[in-house]
Amino acid sequence: LLLDVDTGIDDSLALLYACASDDAELVAVTCVSGNVALPDVERSTRAVLELAGRSDVEVALGRPVPLVRPLDIAPETHGPQGIGYAQLPQPRTPASTRFGPDLIVEEARRRPGEITLVTLGPVTNLALAVLREPGLPRLLRRWVLMGGAYRTPGNTSPTTEWNVHCDPEALKVCLAAWSAAGIVGDVPRPLALGLDVTERAKLTPEHLMALARRAGSEPDASRDESAGSVARNPVVRYLADALRFYMEFHSRFDGFYGAFIHDPLAVAAALDPGLVRTEALAVDVELGGTLTTGQTVADWRRHWNRPPNVDVAVEADSDRFLERFVERVGGLAAARADVAI
């Protein structure tokens with residue numbers, strides 16, 4: 001796996017899930033602005049990897065702003081540094097000297113057909129990478145993206161999902177590159193997990209308690225903004241403090257005390273595509289709408305007569321995924337129980 005992140009809370013959970021998965025070799029992580037600005041993304045990404053005991057994973061900075069549009073970030077959703085109420089030490093391992101889009105191209109060239117790229121934020125870095133190397137779709141094993149809203153309302157506007165909203169031009173570039181590559185040769189279609197399935201991956205306080213028990217620990221149940229978790233386990237403490245912010249956000253705006261953990265589901269599906277059922281569809285991105293800019297438009301009834309260019313996830317086994325998340329990340333937490341953070 002190569003992950004491209006805009007580390008907010010659910011990205012950090014996806015990083016932990018990847019680190020906790022024996023079936024994943026985490027090659028590197030590239031960073032892009034999205035949930036928060038690039039310096040916070042990069043710092044939090046390195047800190048979360050160190051929390052997981054993976055300071056060996058290369059972390060590279062990408063482009064700090066979208067291709068065309070001004071930067072838009074979401075501290076109200078993820079906190080000022082992207083990790084809610086959690087506090088982590090300054091990371092000790094330096095960031096990579098490589099530029100994120102270059103890293104994507106170089107690693108794909110080094111191991112052609114082996115790397116699955118999972119984009120968990122705006123796809124700005126991938127757009128730059130594919131502009132530099134148009135053969136990238138043929139070099140990667142597959143591209144899996146968390147992004148879009150295909151048959152469901154958006155979470156940023158009535159029709160638009162956040163990652164696409166931030167840089168719709170970048171997604172347009174990437175989809176065009178994969179479509180062109182598919183005409184020339186046999187290239188797997190991108191696998192897209194949009195809000196249709198990721199908003200079914202709803203983590204509750206009960207899941208967090210089960211994870212803590214798996215780790216042999218207990219999180220603090222307090223919801224007071226000024227109170228941090230008193231859990232002794234550093235990973236459980238991190239999860240409790242980060243998720244409390246996220247759950248409070250969803251309580252205010254979505255009517256439930258819990259959290260949609262979009263990004264870990266995308267990583268889980270990259271490792272085990274059997275977690276989702278897909279439909280091959282022609283998908284495009286609206287760039288000029290007065291009300292719908294950034295909408296992912298899927299041709300469900302084949303009006304366009306275009307060949308399908310995206311495998312859109314239409315159903316997910318969210319219960320099995322959440323069980324797996326609790327087991328894997330809880331196991332990682334158990335292994336890191338004695339680490340001083």
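In this predicted model, 8 strands form an open sheet, and their order across it is β3-β2-β1-β4-β5-β6-β12-β9. The pairing within the sheet is mixed. Strands of a sheet pair through backbone hydrogen bonds, and they may do so in a parallel or an antiparallel manner. At the edges lie β3 (58–61) and β9 (276–281), each of which pairs on one side only. From one strand to the next, the twist averages 25°.

Strand β2 (residues 28–31) runs parallel to β3, and 4 bridges join the two. Within β3, L61 is the bridge partner of C31.

Helix α1 comprises 12 residues (residues 9–20). At 1.5 Å a residue, this helix should span 16 Å; its end C-alpha atoms are 17 Å apart, which agrees with the expectation. Is α1 buried or exposed? Since a residue counts as buried when its relative accessible area is under 20%, and 12 of the 12 residues of α1 are buried, the helix is largely enclosed by the rest of the structure. Among these buried residues are I9, D10, L13, L16, Y17 and A20.

Two packed helices are described by the angle between their axes and by the distance between the axes. Helix α12 (residues 262–271) and helix α13 (residues 318–335) pack at an angle of about 95°, and their axes are 11 Å apart. Because angles of 65 to 115 degrees count as roughly perpendicular, α12 is roughly perpendicular to α13. On the α12 side, P264, L265, A268 and L271 make the contact, while α13 contributes F321, F325 and R328. These contact residues divide into 6 nonpolar, no polar and 1 charged.

Notes:
Residues numbered from 1 in each chain as written. Predicted model: local features only at pLDDT ≥ 70, side-chain atom pairs only at ≥ 80, totals over all residues. Heavy atoms only, no water. Pairing = 2+ DSSP bridges. Axes fitted to C-alpha atoms, helices over the stretch in contact; angles between N-to-C directions. Expected span 1.5 Å × (residues − 1). Buried < 20%, exposed > 50% of the residue type's maximum accessible area, 1.4 Å probe, protein only. Parallel < 35°, antiparallel > 145°, perpendicular 65-115°, else oblique. Contact = heavy atoms within 4.5 Å. Nonpolar A, V, L, I, M, F, W, Y, C, P; charged D, E, K, R; others polar.
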